[in-house]
Amino acid sequence: MLLGHPHALESYTRLLARHGRAREAFDLLVPHVGDGSLARALVDVAAVADRDDEAAVLLEALIPADEHRCDSSWCCRGLDTYTATGLLTTVRERRGRVDEAVVLLRALGDTWIDARDELASLLARHGRIEELRAYAATEEFGRAAWRLAVWLEERGDVEGAVAVYRQALDTTAARGHVALHLARLLARYGRGEEAIEVVRALADAPGGAEDWIVDTAGAEKSCGLVTRHVGTRGGFR
């Protein structure tokens, strides 16, 4: 069967999978695994068709064994190394091979920023919190700290979440994002004055008075107390 545009094939195979024909859908997608959207569809369909092992073999074949790193979305036959690795970690996790998924994501952490999010989320999903804490202490963009703080807040440990953000403020290169996450957390729990101080300290720091910081803080309804102290161009009255 010829379906022309990849989107048509993706829609058709997903439809087949929803109606009990997942194995047929998987077979249709196999020749097109080098296409990003179709590779994602194949991984989703594989779960329904119980063909994760086959999907893993196909994805592994698309990941260079050397130190090659793609520099465009059309490198490596259209499916870049990062996406292929991310999909492989999905399959590995689904099969209970979490340690292997962690190794894959750690290997990409320095070159693919999304791997940082994926790794932090993976550790949280599987309750590997001490590993997540260690990762949050060293991950320079604050992604792991955010995921850890969310995990702690969801379990009622607000002070623990605040402490994670405060530590990240001293170690991360993305202080603006961390500060706003902290301010929003504080505001959610009625600690508006503390939230104000967090954003004020950021805006008063060298290079901190950026419009996006003030605009984002001002737009957050949960941080309404902060907006009363925000000037028009990044300073505080």
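Predicted model: local features only at pLDDT ≥ 70, side-chain atom pairs only at ≥ 80, totals over all residues.
**Exercise 1. Which residues is Leu 169 in contact with, leaving aside its neighbours within four places in sequence?**

- Step 1: leave aside the neighbours within four places in sequence, and the contacts of Leu 169 are Arg 175, Val 178, Ala 179 and Leu 182.
- Step 2: check its accessibility. Leu 169 has a relative accessible area of 15%, and buried means under 20%, so Leu 169 is buried.
- Step 3: look further along the chain. Leu 202 is 33 residues away from Leu 169 in sequence, and their C-alpha atoms are separated by 9.6 Å.

**Exercise 2. How many helices and how many strands does the chain have?**

Solution. Now step back and take in the whole chain.
- Step 1: count the elements, and you get 14 helices and 0 strands.
- Step 2: turn to burial; of the 237 residues in the chain, 48% are buried.
- Step 3: take the contacts with a separation of 6 or more. Residues 24 or more positions apart account for 46% of these.

**Exercise 3. At what angle do helix α1 and helix α2 pack?**

Solution. Two packed helices are described by the angle between their axes and the distance between the axes.
- Step 1: locate the pair; α1 spans residues 6-18 and α2 spans residues 22-29.
- Step 2: read the geometry. The angle is about 155 degrees, and the axes lie 7 Å apart.
- Step 3: name the arrangement. Angles over 145 degrees count as roughly antiparallel, so α1 is roughly antiparallel to α2.
- Step 4: list who meets whom. From α1 come Leu 9, Tyr 12, Thr 13, Leu 16 and Ala 17, and they meet Ala 22, Glu 24, Ala 25, Leu 28 and Leu 29 of α2.
- Step 5: sort this contact by class, which gives 8 nonpolar, 1 polar and 1 charged residues.

**Exercise 4. Are α3 and α4 roughly parallel or roughly antiparallel?**

- Step 1: the axes of α3 and α4 cross at roughly 155 degrees and come within 8 Å.
- Step 2: this angle makes α3 roughly antiparallel to α4.
- Step 3: on the α3 side the contact has Leu 42, Val 43, Ala 46 and Ala 47, while Asp 52, Ala 55, Leu 58 and Leu 59 come from α4.
- Step 4: the classes in the contact of α3 with α4 are 7 nonpolar, no polar and 1 charged.

**Exercise 5. Which residues are buried in helix α4?**

Solution. Stay with α4 and look around its axis.
- Step 1: within residues 52-60, the buried ones are Asp 52, Ala 55, Ala 56 and Leu 59.
- Step 2: these residues cover an arc of only 100 degrees around the axis, so they sit on the same side of α4.
- Step 3: recall a helix rule. An α-helix has 3.6 residues a turn, so residues three or four places apart point the same way.
- Step 4: ask what they face; the buried residues of α4 pack against α2, α3 (36-49) and α5 (81-94).

**Exercise 6. At what angle do the axes of α3 and α5 cross?**

Solution. Compare the directions of the two helices, then look at one residue.
- Step 1: the axes of α3 and α5 cross at roughly 5 degrees and come within 10 Å.
- Step 2: α3 and α5 are therefore roughly parallel to each other.
- Step 3: Ala 39, Arg 40, Val 43, Ala 46 and Ala 47 of α3 make this contact with Thr 83, Leu 87, Thr 90, Val 91 and Arg 94 of α5.
- Step 4: by class, the contact of α3 with α5 has 6 nonpolar, 2 polar and 2 charged residues.
- Step 5: pick out Arg 40, which is partly exposed at a relative accessible area of 41%.
- Step 6: beyond the neighbours within four places in sequence, Arg 40 is in contact with Arg 14, Thr 83 and Leu 87.
- Step 7: Thr 83 is 43 residues from Arg 40 in sequence, and the two are 8.9 Å apart from C-alpha to C-alpha.

**Exercise 7. Where is Trp 112 placed?**

Solution. This time the residue is in a loop.
- Step 1: Trp 112 is in the loop between α6 (98-108) and α7 (113-125).
- Step 2: with 16% relative accessibility, Trp 112 counts as buried.
- Step 3: not counting residues up to four places away in sequence, Trp 112 touches Tyr 82 and Gly 86.

How values were computed
Residues numbered from 1 in each chain as written. Heavy atoms only, no water. Axes fitted to C-alpha atoms, helices over the stretch in contact; angles between N-to-C directions. Helix = DSSP H or I, 4+ residues; strand = E, 2+ residues; numbered from the N terminus. Parallel < 35°, antiparallel > 145°, perpendicular 65-115°, else oblique. Contact = heavy atoms within 4.5 Å. Nonpolar A, V, L, I, M, F, W, Y, C, P; charged D, E, K, R; others polar. Buried < 20%, exposed > 50% of the residue type's maximum accessible area, 1.4 Å probe, protein only. Arc of directions from axis to C-beta.
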